[in-house]
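Reader: Before I use these assignments, I would like to see how each label was reached. Could you take me through them, term by term?

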Amino acid sequence: MTDTAITGTCHCGAIRITLPRTPDFVNQCNCTLCTRVAGLWCYFPPDTVQIEAEPGALAAYVRSDLDETWLSTHHCTRCGCTTHWSPLPERDLDRMGVNLRMFGEDVLARVAVHKVDGRS
């Protein structure tokens, strides 16, 4: 990673995420999933994000009630924080989402929040 890289953790510290830089903005989506997990999503190519997790600390949820599912949402099995989402292997998507809430108020204060209507 670069000298502009930033690192955040879930509440208990079992999952550590390093981004190449502070994002310019986050999306605050109002879909039923994002609202419940309180995600503030920033996006990066998967090969630029480093995720370290203690053994057994990372679990994924794949929503099964949609006709078309695109991603798996990951959370800490110990403290429950939703940390990121990644595209399913069969999807051709060149980005992943990271929940910037894992990075603290000092980082969030520097980032614009875009409200996204994912419910409609």
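Reader: Which residues does F103 touch, not counting residues up to four places away in sequence?

Author: F103 touches I6, T7, G8, I17, L19 and V98 once those sequence neighbours are set aside, where contact means heavy atoms within 4.5 Å. This is a predicted model, in which local features need pLDDT of at least 70 and side-chain atom pairs count only at pLDDT 80 or more, while totals for chains, interfaces and linings use all residues. Residues are numbered from 1 along each chain as its sequence is written, and side-chain values use heavy atoms, with hydrogens and water left out.

Reader: Which members of the largest nonpolar core touch the most other members?

Author: They are L19, V98, L100 and F103, in a core of 22 residues; such a core is a set of buried Ala, Val, Leu, Ile, Met, Phe, Trp, Tyr and Cys residues joined through side-chain atoms within 4.5 Å. The strand β2 gives the most to this core, with three residues. Apart from it lies another core, of five residues, among them C29, C31, C34 and W85.

Reader: Why is S86 called buried?

Author: Buried means under 20% relative accessible area, exposed over 50%, and partly exposed in between, with a 1.4 Å probe and protein chains only. The relative accessible area of S86 is 17%, so S86 counts as buried.

Reader: What makes the pairing of S86 with H74 a polar contact?

Author: Their side chains are joined at 2.8 Å, and the term asks for a pair of N or O atoms within 3.5 Å, of which, within protein, one must be able to donate a hydrogen and the other to accept it; residues adjacent in sequence count only if both atoms are side-chain atoms.

Reader: Why is the link between E52 and R16 called a salt bridge?

Author: A salt bridge is a side-chain nitrogen of Lys or Arg within 4 Å of a carboxyl oxygen of Asp or Glu, and the side chains of E52 and R16 meet at 3.7 Å, N to O. E52 in strand β5 and R16 in strand β2 are 36 residues apart. E52, at 36% relative accessibility, is partly exposed, and R16 is likewise partly exposed, at 41%.

Reader: How many salt bridges does a search of the whole structure find?

Author: It finds two, and R78 and E54 form one of them, with their side chains meeting at 2.4 Å, N to O. R78 lies in the loop between β7 and β8 and E54 in the loop between β5 and β6, so the pair ties together parts that are 24 residues apart in sequence.

Notes: Helix = DSSP H or I, 4+ residues; strand = E, 2+ residues; numbered from the N terminus.
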